[in-house]
Amino acid sequence: KSLGELEGHEGEIVNLDISADGNRLISTARDNTLRIWNLITGLEMLRIERLWRSEAPVALDPVNGILAVPTQSNDIQIVDVNSGELMAKLTGHDSIITSIAFDAPRDRVATADEDGELRIWSIESGVVQSRSNTSAQSINDMTFDTKGQLVITASNDGSIRKWDVREGTERTDLRIPVNRPVLRILLSPDGKRIVSGLDDGSVRVWSMETGDELESLDGDGIA
């Protein structure tokens, strides 16, 4: 049963993301707009027009009410969700941004590009806190662990990797060889399980601590 309908986009929807609190929806479409919706009222909260690439990754920090959006020049704009005001611009990547993830409690954001470079930024100062050359074919998705000590990445090289936020180095003892491109990744609220979406449509669940596979679910494809 449909609970409601959000209208406004004039092109095919290419990306959807729901905030961690479940109250906001981010949508991007081939009309090159990004919109944030209030799922309680059904109203559009913010619209960003002339998005340079409809498939560009975006990230929402509902705790601090900010949005991270990449630009054509490979900068990352930090935008206030309520006012649309540009709060900061993070500059340094040399290639297209492929993934963004917030660490809201610690006022940080992680960004990755198609060359496999991973950066951790202080949002307040705009300073890079650590930088890693992951040598991955492309980082498709990533998330911080619950303590903010590791960034977990999913990439086309068929691995799930964990990176020390402070040192910028990989914890190779914690690498999970999936052997297929990993498109999406989530961490369970208790921080004990990693959920991954693969290019063959399957979903696999892994132990965060040991890297053991806990469950595998087959599907018809993950977009």
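Which residue in strand 10 is the bridge partner of isoleucine 100? I found threonine 111 there.

**Ground rules**

This is a predicted model, where local features need pLDDT of at least 70 and side-chain atom pairs count only at pLDDT 80 or more, while totals for chains, interfaces and linings use all residues. Residues are numbered from 1 along each chain as its sequence is written, and side-chain values use heavy atoms, with hydrogens and water left out.

**Whole chain**

I looked up the secondary structure and got zero helices and 20 strands. Both are DSSP runs numbered from the N terminus: helices are H or I with at least four residues, strands are E with at least two.

I checked the radius of gyration next, which is taken over C-alpha atoms. The protein chain has 17 Å, and that agrees with a compact globule of 223 residues, which would have a value near 17 Å. The globule rule here is 2.2 Å times the number of residues to the power 0.38. Along the principal axes, the C-alpha trace spans about 45 × 45 × 30 Å.

Of the 223 residues, 50% count as buried. Buried means under 20% relative accessible area, exposed over 50%, and partly exposed in between (1.4 Å probe, protein chains only). The accessible surface comes to about 11500 Å², with 43% of that belonging to carbon and sulfur atoms. Those areas come from the Shrake-Rupley method with a 1.4 Å probe, and for residues only the protein chains shown count as cover.

I also noted the contacts, meaning heavy atoms within 4.5 Å. Among those with a separation of 6 or more, 32% link residues 24 or more positions apart.

I went back to strand 9, residues 97-103, and found seven of its seven residues buried. Strand 9 runs antiparallel to strand 10 (residues 108-113), and six bridges join them. Two strands pair if DSSP finds at least two bridges between them. Their hairpin has four residues between the strands, and aspartate 107 takes a positive phi near 55 degrees.

How many bridges join strand 10 to strand 11? I read five, again with the strands antiparallel. Arginine 108 stands opposite serine 122 in strand 11. This hairpin has three residues between its strands, and glycine 116 in the turn has a positive phi of about 90 degrees.

Why is strand 11 (residues 117-122) described as largely enclosed by the rest of the structure? Because six of its six residues are buried. In a regular strand the side chains alternate between the two faces of the sheet. In strand 11, Glu117, Arg119 and Trp121 point one way, Leu118, Ile120 and Ser122 the other way, and all are buried.

Glutamate 117 has asparagine 133 as its bridge partner in strand 12. The hairpin has five residues between the strands, and glycine 126 in the turn has a positive phi of about 75 degrees.

I looked up arginine 24 in strand 2 (residues 24-29). Buried or exposed? Arginine 24 counts as buried because its relative accessibility is 16%. Its contacts beyond four places in sequence include Asp17, Trp37, Met45 and Asn82.

Serine 27 is in strand 2 too, and it counts as buried because its relative accessibility is 2%. Its side chain makes a polar contact with the side chain of tryptophan 37, at 2.8 Å. For a polar contact I need a pair of N or O atoms within 3.5 Å; within protein, one must be able to donate a hydrogen and the other to accept it, and residues adjacent in sequence count only if both atoms are side-chain atoms.

Tryptophan 37 has glutamate 44 as its bridge partner in strand 4. Four bridges join strand 3 (residues 34-38) to strand 4 (residues 44-48), which run antiparallel. In their hairpin, with five residues between the strands, glycine 42 takes a positive phi near 80 degrees.

**Cores**

Last, I looked up the nonpolar cores, meaning sets of buried Ala, Val, Leu, Ile, Met, Phe, Trp, Tyr and Cys residues joined through side-chain atoms within 4.5 Å. The largest has 14 residues, of which Ile152, Ile160, Val178 and Ile194 touch the most other members. Strand 14 (150-155), strand 17 (182-187) and strand 18 (193-198) each supply at least two residues of this core. A second, separate core of 13 residues includes Ile97, Phe102, Val109 and Ile123.
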